[in-house]
Amino acid sequence: RLLMRTLNAKNNKKKKYYKADIWRDWARLFDALGGPDRVTWATFSSAAKALVDVEEQALAALWTRADDDKSGELGRGEFQRCAYSIQVQSWPSLEGDELLKVVATLNASAERLHRCGGNWFKIFRLFDDDDSGLMSYEELKKVLRTGYPGLEVAPEAVTDNQIRGLWRGLDDDLSGEVSVQEFMIFFRRHG
């Protein structure tokens, strides 16, 4: 976390990213390294150490996990997938009554504002604001929190941690996006 906070503070370049914000944040490490698409351990290690005080062992563990193809080079996508996975797996899990409460709150809001409670396809279409057929964490959070045509769910009704926990359950394959099928299966199972 310290590494990423430092990178975000030191890297003010404006660059267009096509993945969700979480993925974009991790892409900033490669931007801080000068923008290569692939880096070696030596480049990665020296750049990270120049930015923050970090133990060699911690960096080596991150490298080992991210370099899953054992190529000796780390691509931007490999690093983003690894970092995203670590981040999302650190979020709380929603289970039992808490999960049912969150789902019921979303359903009630969808019914109240859009008359589509229980129609998870229509609800998904609200979340998928770029019409990609895929939903990102940012799209989920935006639609939950914004006013009409969003769902206007107040933080008192569903906390940010509950949204993170909901996302962790939705994106169980850690792809960074949820398809309409994944969304509908999840909510039919828990709704």
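Which residues in helix 6 meet which residues in helix 10? In this predicted model, Leu99, Leu100, Val103 and Leu106 are the helix 6 side of the contact, and Phe186, Phe187 and His190 are the helix 10 side. By class, the residues of this contact divide into six nonpolar, one polar and no charged.

The geometry of this pair is as follows. Helix 6 covers residues 96-114 and helix 10 covers residues 180-190. Their axes cross at roughly 110 degrees. The range for roughly perpendicular is 65 to 115 degrees, so helix 6 and helix 10 are roughly perpendicular to each other. Their crossing is left-handed.

A second pair is formed by helix 8 (residues 137-145) and helix 9 (residues 160-170). Here the axes cross at roughly 135 degrees, and the two helices are therefore oblique to each other. Helix 8 passes helix 9 in a right-handed crossing. From helix 8, Tyr137, Leu140, Lys141, Leu144 and Arg145 take part in the contact. They meet Asp160, Ile163, Arg164, Leu166, Trp167 and Leu170 in helix 9. The residues of this contact divide into seven nonpolar, no polar and four charged.

The table sets out the axis values for both pairs.

| Helix pair | Axes come within | Crossing angle |
|---|---|---|
| Helix 6 and helix 10 | 10 Å | roughly 110 degrees |
| Helix 8 and helix 9 | 11 Å | roughly 135 degrees |

Now the cysteines. With a cut-off of 2.5 Å between cysteine sulfur atoms, the count comes to zero disulfides. Cys82 has a relative accessible area of 6%. Buried means under 20%, so Cys82 is buried. Cys116 also counts as buried, at 6% relative accessibility.

Note on methods. Residues are numbered from 1 along each chain as its sequence is written. This is a predicted model: local features need pLDDT of at least 70, side-chain atom pairs count only at pLDDT 80 or more; totals for chains, interfaces and linings use all residues. Side-chain values use heavy atoms; hydrogens and water are left out. Axes are lines fitted to C-alpha atoms, for helices over the stretch in contact, and angles run from 0 to 180 degrees between N-to-C directions. Helices (H or I, at least four residues) and strands (E, at least two) are DSSP runs, numbered from the N terminus. Angles under 35 degrees count as roughly parallel, over 145 as roughly antiparallel, 65 to 115 as roughly perpendicular and the rest as oblique. A crossing is left-handed if the near helix is turned anticlockwise from the far one by less than a right angle, and right-handed if clockwise. Contact means heavy atoms within 4.5 Å. Ala, Val, Leu, Ile, Met, Phe, Trp, Tyr, Cys and Pro count as nonpolar, Asp, Glu, Lys and Arg as charged, and the others, Gly among them, as polar. Buried means under 20% relative accessible area, exposed over 50%, partly exposed in between (1.4 Å probe, protein chains only).
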